[in-house]
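Dear colleague,

Please find below the structure that I am handing over to you.

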Amino acid sequence: WKAKQNFPEYMTKEQIVRLLGSKSVKGALKSPIKEYDSKYTNDVEVPDFFDARIEWKYCKTIGEVRNQGNCGSCWAHGTTGAFADRLCVATNGDFNELISAEELTFCCHTCGFGCNGGNPIRAWLYFKRHGVVTGGNYNTTDGCQPYKVPPCIRDEEGHNSCSGQRTERNHRCSKSCYGNTTSDYKNGHYKTKDAYYLTNNTMQIDTMIYGPIESSFDV
């Protein structure tokens, strides 16, 4: 249950801050909060150790750490990642691919400001109302709309390819599939049934039942 360090030790504080794009976390109380579920039963005990990668080994998206590049789109990667994981869990592995962080980052104008940050709960509301297509990583043809922001890469001498570079400019929203061109953009949007926040008391049990969650915090 304990999170580990995600950023390499060589990254500076300035480089990390530029990637922090989750907005309006303090407004959580104004959004729907899920405190009850019919599957939240007293006989479900929260173990000391739980690893979703082990629980749902057939879900290849669980545990994959995507490279957001020089773009404050962590809010989009976190939500699309959790959504893809939960789709896999809900379908027992029938759905097993990445959801497009590209579409969410640059097409959900109610979510925020693209590479300059966004609101996670609005991303989930976008999934519920509009849906989102599939989309793999940079420089692939995986899914309908793969991510177009180049990754930040560290060379053998320890230099970060994004160091000193400007934040990626927001892309124009695409209304077609440019990755796997056989995908159906119009009918290929996946939707979630609901959008909600979890409390400290329900985060663990909800994860155990439905799969990984997305979390944000103010710094």
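The link of Cys 144 and Cys 177 is left-handed, with -95° about the S-S bond. The sulfur atoms of Cys 144 and Cys 177 lie 2.1 Å apart and form a disulfide, a term used here for a pair of cysteine sulfur atoms within 2.5 Å. A disulfide is a covalent bond between the sulfur atoms of two cysteines. Cys 144 and Cys 177 each lie in the loop between H5 and E2, so the pair ties together parts that are 33 residues apart in sequence. Helices (H or I, at least four residues) and strands (E, at least two) are DSSP runs, numbered from the N terminus.

Before going further, please note that this is a predicted model, in which local features need pLDDT of at least 70 and side-chain atom pairs count only at pLDDT 80 or more, while totals for chains, interfaces and linings use all residues. Residues are numbered from 1 along each chain as its sequence is written, and side-chain values use heavy atoms, with hydrogens and water left out.

Disulfides

The structure holds 6 disulfides. With bonded cysteines counted along the chain, their pattern is 1-3, 2-7, 4-11, 5-6, 8-12, 9-10.

Are Cys 144 and Cys 177 buried or exposed? Cys 144 is buried, with a relative accessible area of 2%, and Cys 177 is buried too, with 13%. Buried means under 20% relative accessible area, exposed over 50%, and partly exposed in between (1.4 Å probe, protein chains only).

Another disulfide joins Cys 59 to Cys 88, with an S to S distance of 2.1 Å. Cys 59 sits in the loop between helix H2 (52-55) and helix H3 (74-90), whereas Cys 88 belongs to helix H3, 29 residues apart. The torsion about the S-S bond of Cys 59 and Cys 88 is about -100°, so this disulfide is left-handed. Cys 59 counts as buried at 4% relative accessibility, as does Cys 88 at 1%.

Cys 107 and Cys 173 also form a disulfide. Here the torsion about the S-S bond is about 105°, so the disulfide of Cys 107 and Cys 173 is right-handed.

Cys 74 is partly exposed, at 23% relative accessibility.

Salt bridges

There are 5 salt bridges in the structure; each is a side-chain nitrogen of Lys or Arg within 4 Å of a carboxyl oxygen of Asp or Glu. A network of salt bridges links Lys 34, Asp 37, Arg 86 and Asp 206. Within it, Lys 34 meets Asp 37 at 2.9 Å, N to O. Lys 34 also forms a salt bridge with Asp 206, their closest N and O atoms being 3.0 Å apart. This second pair links distant parts of the chain, with Asp 206 in helix H6 (residues 203-210) and Lys 34 in strand E1 (residues 33-34), 172 residues apart. Both Asp 206 and Lys 34 are buried.

Asp 194 and Lys 128 meet in a further salt bridge, at 3.8 Å, N to O. Asp 194 is partly exposed, with a relative accessible area of 38%, and Lys 128 is partly exposed at 36%.

Annotated domain

The UniProt annotation "domain: Peptidase C1A papain C-terminal", from an unreviewed entry, covers residues 46-213. UniProt positions are given in the numbering used here, feature names are shortened, and annotations may be inferred rather than shown by experiment. Over residues 46-213 the chain is 27% helix and 1% strand, and the end C-alpha atoms are 16 Å apart.

With kind regards
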